[in-house]
Amino acid sequence: MPRPPALRLAAGLLAVFWLGLAGGAVLVWGTAAAPFEIFAGVFWSSVWCFWLARVWLGGPMAIGLMRVAVLGIGSVLLVGAVLAAGISGGGVYPSQGIGAGAALCGVAGGLLLGREDVKRWSRSTTRVRVVRQPPDGTAFDLRGAALRQGRGMFGCLMLVISVAVLVVVGVIGATLPEDRGVDAPDYLAFMAGVVLVVIIGIAGYIRINLRAKALGVLTVTERGINEHPWPRIRSAALSYTGEAKTVDGVRRYPGARLDLSFHDEPGERHLALPGDAHLHGSIAAALATHCPEGTFLGWVPRTTR
């Protein structure tokens, strides 16, 4: 499905919108911009570029949030420009004129993003990972489950880290005099904190994806587990650490993993499972159904991680 003209026009208007805001800020700052102000301008410009790129690629969440943001910011800027012109008796500064023009571009771009053809195209770009089910068993998408869980937990962690950075910066600022200037330690701490949060976010996202990719898909069929046929498998067990509990009628096993032993090799192979209780129950049911008699040992506690 081709990219609709409305989205192309909206992307251009949104690029002009940000350039107008940046140009107005430069006119206000002149040559007296402080390092903190320059850092903030570069940082938010980078965020806007990544955001606009995601809109261009069709991300439904990016498009929805962009529409809300530009309609809100653009409306506030337009109202502010009108009030400023009224207070000044009709006089308009260059920065105000640029800001009003940018706001009109932003509002127009936001309205275009709300068109039905843009929404349909955005939904068509969303690729859903489909696990092909075997005719004689079940395939479990461990990677998808790990990604959902990992991203949710990491998002909460990033919120905590961001709040902690703001609290530290606030404490530093509270200990300094009001006339500390723009090169004060709290401003420098804020810049360092933002860079730290970005680095942690990128590194964490990469780590989550790499760990989830290693899990892949678990297939349990009448023929065996993944590429291992049943005649080769001595035993299959689901092990866990700590204490199993029943929450809302669902049995939950902490630290769950699949342990396999084979007739033709010593030791065991271990496959860590995502922390999804419903997934654990489905895997246990599939093993109980397809394993030869005496092969599946059920849930067993273990003392090692």
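**Entry 1: helix α5.** I looked up helix α5 (residues 116-125) and found D117, V118, W121 and S122 buried, where buried means under 20% relative accessible area with a 1.4 Å probe and protein chains only. These residues lie on the same side of α5, because they cover an arc of only 135 degrees around the axis; the arc is that of the directions from the helix axis to the C-beta atoms. I took helices (H or I, at least four residues) and strands (E, at least two) as DSSP runs, numbered from the N terminus.

**Basis.** I note that this is a predicted model, in which local features need pLDDT of at least 70 and side-chain atom pairs count only at pLDDT 80 or more, while totals for chains, interfaces and linings use all residues. Residues are numbered from 1 along each chain as its sequence is written, and side-chain values use heavy atoms, with hydrogens and water left out.

**Entry 2: H228.** I located H228 in strand β4 (residues 228-229). H228 is buried, at a relative accessible area of 7%. I found a polar contact (a pair of N or O atoms within 3.5 Å, one able to donate a hydrogen and the other to accept it; residues adjacent in sequence count only if both atoms are side-chain atoms) between the side chains of H228 and R232, at 2.8 Å.

**Entry 3: the largest nonpolar core.** I defined a nonpolar core as buried Ala, Val, Leu, Ile, Met, Phe, Trp, Tyr and Cys residues joined through side-chain atoms within 4.5 Å. The largest has 31 residues, of which F140, L142, L218, I225, I283 and L287 touch the most other members. Helix α6 gives the most to this core, with 8 residues.

Key:
Buried means under 20% relative accessible area, exposed over 50%, partly exposed in between (1.4 Å probe, protein chains only).
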